[in-house]
Amino acid sequence: MLEGTGVTAADLRPDRCIAYAQVGAIHERAAASTDREDFGLCLGAPKTLATFGPVGAVMRHAAKLRDALHDLVRLQIANFTGAAAYLYRSSKDVALAYGVY
């Protein structure tokens with residue numbers, strides 16, 4: 001899975017950071033090797049709000065989904081580095097966007 005990604009097995013440690021592009025390359029290789037179109041969904045399925053730590057706890061207690069998403073965007077600095085979440089509001093809808101920088 002790591003061949004050609006610039007990541008070695010020694011890099012896979014909690015005290016090391018891996019670039020988003022490298023993580024993406026690893027995920028692409030893994031998806032291709034499984035031949036599953038739903039690989040990304042399978043990867044994310046076991047995640048819960050607990051994945052976000054204290055931010056997830058705040059989100060869990062929100063009265064509405066809109067409020068939970070607002071909490072995520074407002075408190076994202078506690079969990080995210082190299083990416084940002086945004087909320088786009090219209091009169092009826094709210095859209096969540098996520099960008100990597």
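**A walk from loop to core**

Start by selecting Asp 35, which sits in the loop between α1 and α2 (39-44); helices (H or I, at least four residues) and strands (E, at least two) are DSSP runs numbered from the N terminus. Before you go on, note that this is a predicted model, in which local features need pLDDT of at least 70 and side-chain atom pairs count only at pLDDT 80 or more, while totals for chains, interfaces and linings use all residues. Residues are numbered from 1 along each chain as its sequence is written, and side-chain values use heavy atoms, with hydrogens and water left out.

Back at Asp 35, check the backbone: phi is near 60°, a positive value in a residue other than glycine. Asp 35 counts as exposed, because its relative accessibility is 72% (buried is under 20% relative accessible area, exposed over 50%, partly exposed in between, with a 1.4 Å probe and protein chains only).

Next, select Arg 36 and Asp 38. They form a salt bridge, with the closest N and O atoms 2.7 Å apart; the term means a side-chain nitrogen of Lys or Arg within 4 Å of a carboxyl oxygen of Asp or Glu. Arg 36 is partly exposed at 44%, and Asp 38 is partly exposed at 27%. The whole structure holds four salt bridges. Among them is the pair Arg 13 and Asp 15, at 2.5 Å from N to O. Color Asp 15 as exposed, at 56%, and Arg 13 as partly exposed, at 39%. Another pair to show is Arg 16 with Asp 11, at 3.0 Å.

Now move to Gln 76, in the loop between α4 and β1 (83-89). Is Gln 76 buried or exposed? Gln 76 counts as buried because its relative accessible area is 14%.

Ala 85 leads you to the last stop, the largest nonpolar core: Val 55, Met 59, Ala 68, Leu 72, Phe 80 and Ala 85. Such a core is a set of buried Ala, Val, Leu, Ile, Met, Phe, Trp, Tyr and Cys residues joined through side-chain atoms within 4.5 Å. Helices α3 (54-60) and α4 (65-75) each supply at least two of its residues.
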